[in-house]
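Thank you for making time today. I would like to walk you through one structure slowly, so please keep the picture in view while I talk.

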Amino acid sequence: LTVCRFKNNKPHPWSKDVSSFIVYPEAANQTIYSPRLEENDIGNYSCVLRNETHAIKHEIELRLQDKLDNPMPTFRPKDLVVSVGESARFYCEAFVGNLYLPDATNEIVWNQMFDDHPHNVSDSMQVNVTREEGQIIGSYLSIPNIQAHHYGRYRCQIVSGNSAQKLNLSVLLSPVEVTAMTDTQLSLLVYVMAVLLLVLVIMFVWICWTVQQRTNSKKDNRCSAQFIANNEHENV
C-alpha cells in the first residue's frame with residue numbers, strides 16, 4: 001500500500017518554491033501541513049492511495065483570502081451505488097474559520113431531497129465532527145439498512161455564523177442496476193440451451209432403446225425356454 005501526494009501534478013516532496021507543505025512528523029496517517037502559508041502554496045493538491053489492484057484519488061484546491069466570507073468545502077461527498085439491505089455512509093466537510101461573535105454558531109445538517117424540498121433522513125444517524133480547533137466542521141451520515149425509500153438525492157448543508165451564505169453539497173444514492181444481456185450473450189445462452197436440450201433428447205432415446213432391447217431379449221429367452229421344454233416333453 002502506497003500513499004502519493006501531488007501539487008499541480010508535481011510529486012511530493014516539494015521544494016520551497018513549489019509548496020511549503022511537509023509531512024507532519026507526529027501524524028500516523030502522514031498528514032501534510034504548513035507552519036505558515038505562503039503565496040506559492042496556492043494550487044491543486046491530490047492524494048493517491050494505491051495497492052496492487054486499486055487506486056483511490058482525492059483532490060482539493062487551496063486558495064488564500066484575507067477574510068472568510070462563506071464556508072468553503074474541504075471534502076465533497078461521493079455518490080454511492082448500494083443494494084437493498086446493505087449499509088451506506090456519506091461524509092461532507094467545510095472550512096468555516098473562527099467565529100467572531102459570542103452568540104454565533106456553525107451548523108451542519110443532512111437532508112434527503114424530494115422535489116428540491118429537504119426532509120429528515122429516516123432510519124439514519126448523523127455524527128458531526130470538528131478539527132483544527134473548530135475551524136473545520138464535518139458530518140457523517142450513516143444508513144445501516146438501505147431500503148427502497150432511501151434512494152435519491154441527499155444534501156449536506158453547512159451554515160457558518162460568520163456568513164448568511166449557506167453551502168450546499170449534494171450527493172446521490174442509487175440502487176445496483178441489473179445489467180441487461182447483450183445480443184452476443186443472449187445468442188450464446190440460446191446455443192447452450194439448444195445443445196443441452198439435444199443431449200437430453202439423445203439420452204432419452206438411448207434409454208428407451210436400451211429398455212426395449214432388454215425387454216425383447218427377455219421375451220426371446222422365455223420363448224427359447226418354452227421351446228426346449230416342449231421338445232423334451234415330446235421325446236418322453
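Methionine 203 sits in helix α1, which covers residues 183–235, where helices (H or I, at least four residues) and strands (E, at least two) are DSSP runs numbered from the N terminus. This is a predicted model, in which local features need pLDDT of at least 70 and side-chain atom pairs count only at pLDDT 80 or more, while totals for chains, interfaces and linings use all residues. Residues are numbered from 1 along each chain as its sequence is written, and side-chain values use heavy atoms, with hydrogens and water left out.

Let me turn to the strands, where two strands pair if DSSP finds at least two bridges between them. An open sheet is formed by four strands in the order β2-β1-β5-β6, with antiparallel pairing, and its edge strands, β2 (10–11) and β6 (55–62), each pair on one side only. Two bridges link β2 with strand β1 (residues 2–7), again in the antiparallel sense, and lysine 7 stands opposite lysine 10 in β2.

Strand β9 (residues 88–95) is mostly covered, with six of its eight residues buried. Strand β7 (residues 72–75) runs antiparallel to β9 and is joined to it by three bridges, with methionine 72 opposite phenylalanine 95 in β9. β9 also pairs with strand β13 (residues 136–143), antiparallel and over eight bridges, and there arginine 89 stands opposite serine 142 in β13.

Technical notes:
Buried means under 20% relative accessible area, exposed over 50%, partly exposed in between (1.4 Å probe, protein chains only).
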